[in-house]
Amino acid sequence: MEKTDVLIVGAGISGVGAACHVKQNCPQKSFVVVEAREAIGGTWDLFRYPGIRSDSDMYTMGYRFKPWIGDKALADGDSIRNYICAAASENAVSEHIRTGHRVTAAQWDSERASWQVDILQVATGDTIQIESRYLYLCTGYYDYEHPYKPAFSGSEAFSGIIVHPQHWPEDLDYAGKNVVVVGSGATAVTMVPAMADKAAHVTMLQRTPTYILSVKAVDAMSTFLRGYLPDRVSYHLTRWKNILTGMLVYQICTRRPEWAKAYVRKGLVALLGEDYDIDRHFKPDYDPWDQRLCMVPDGDLFHAINDGKAAVVTDRIDHFTATGLALQSGARLDADIVVTATGLTIKLFDGIGLTVDGEPVVIPDKTIYRGMMLSGVPNMAFTVGYTNASWTLKADLVAGFFTRVINFMDAHGYRQCCPHDHSGEEHTEPMMTLQSGYVLRAASDFPHEGKKAPWKMYQNYILDKLTFKFASLTDGTMEFG
């Protein structure tokens, strides 16, 4: 059986980042990265729909150790994938990545103080095993094979094409076609203006509105600083500016929601005009950051609406017809193509079956330690990013903390670490509290968080940064042996 010190599962933005941290911080450790798909990049290799781009600025979504030097703050999918590949190459981790290898199960053995991991070689169907002292899950949190597809009455009668963005056909020609995009989240607001230039017309059909902010496509501060300072310096200054700005916006939205609503509405009036029915189409019935805010670069969605190339309809689907959609209001939408941007299906840890000394790990029964480990599960970490900021901010912190734990164990001769909750408190809060549909549908599958550290996820980068760097590892919560 092959042996390694650290087995990283997933070669997306989290997994490649984790590998770089292990390489940099634990140079004495061997590591392997396994990826189920045939390419690295994760989300940014999977999604190929028109306009695919980040929904966070790249100065905070980029790695701490690799400056983002592109012009666009909200980068397109190809640029992000190339950035991830470049990080892997520059940090000499590419040769450690094995694509087409899917982890199906992992068994912890306390006597051996290691994980025995079952891995399916996708191309051949063979199963191999790797023994690893540490298991590091960077699988994201949604199902790559099965997006969320609600049942629509009469869809079989539709004579056009129905497609989900997660499985976008490479040869789909929408030029000159009438397109209806069902949904109002980040995917929908990205696709609509991207398709509007070629399609005859694009309609975004939403059940309920979403808060949408127009942001500058190019960060003016970054552009200015790069004219005078080295890339690394300008990157980190812009990064901290955006971190602090994002935290300020979040605090205003959650502490002064009425002020935030008024600010968003004022921006929409400036873009769409006083005569547009903003309250119907862009006034949600929840407070900002109960669900994630959507950002559009330079107001591209609103410009497409003003140009007559796109429209927003707020209604519910009653049923499909042969030529489009019949809505509950009685209205009808003609369509050649219907895009169901209806969301994701959450699948924690890619569905890997975990056992500890023969006992299955029941994830909903576990409590999260520092947002990155599970109570009672030894030598295992995972990455789940922030819900109110860029994913990679948290991924970088988790990787830094986990490598800190590994080095601490080496220095003291320990073979295993495991967080244990001895507080006696009942933890019933799910790890994600967003009110988005994809979160609510999966809430019963989540592990739980506590009311205070180290069991609470604070969704606060600065607090986490200080805690992950300076918090004692021997506080009685993490047990070493």
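Predicted model: local features only at pLDDT ≥ 70, side-chain atom pairs only at ≥ 80, totals over all residues.

Reader: Is leucine 333 buried or exposed?

Author: Leucine 333 has its place in strand E15, which covers residues 332–334. Beyond its neighbours within four places in sequence, leucine 333 is in contact with several residues, including Val180, Thr203, Leu205 and Val313. Its relative accessible area is 13%, and because the limit for this class is under 20%, leucine 333 counts as buried.

Reader: How are H7 and H8 oriented to each other?

Author: Helix H7 (residues 231–255) packs with helix H8 (residues 257–272), and their axes are 5 Å apart. In this contact, Ile252, Cys253, Thr254 and Arg255 of H7 meet Pro257, Trp259 and Ala260 of H8, and these residues divide into 5 nonpolar, 1 polar and 1 charged. The angle is about 115 degrees, and since 65 to 115 is the range for this class, H7 and H8 are therefore roughly perpendicular.

Reader: Which elements give two or more residues to the lining of the largest cavity?

Author: The count of cavities of 30 Å³ or more comes to 1, and the largest cavity holds about 30 Å³ of space. Its lining consists of Ile13, Ser14, Gly17, Ala18, Tyr63, Thr392, Ala395, Asp396 and Ala399, which divide into 5 nonpolar, 3 polar and 1 charged. The elements that give two or more residues to this lining are helix H1 (13–25) and helix H11 (391–412).

Note on methods. Residues numbered from 1 in each chain as written. Heavy atoms only, no water. Helix = DSSP H or I, 4+ residues; strand = E, 2+ residues; numbered from the N terminus. Buried < 20%, exposed > 50% of the residue type's maximum accessible area, 1.4 Å probe, protein only. Contact = heavy atoms within 4.5 Å. 1 Å grid on protein atoms, 1.4 Å probe; cavity = no way out; pocket = protein on both sides within 12 Å on 5 of 7 lines; lining within 4 Å. Points joined across faces, edges and corners; volume = space filled by probe spheres on them. Nonpolar A, V, L, I, M, F, W, Y, C, P; charged D, E, K, R; others polar. Axes fitted to C-alpha atoms, helices over the stretch in contact; angles between N-to-C directions. Parallel < 35°, antiparallel > 145°, perpendicular 65-115°, else oblique.
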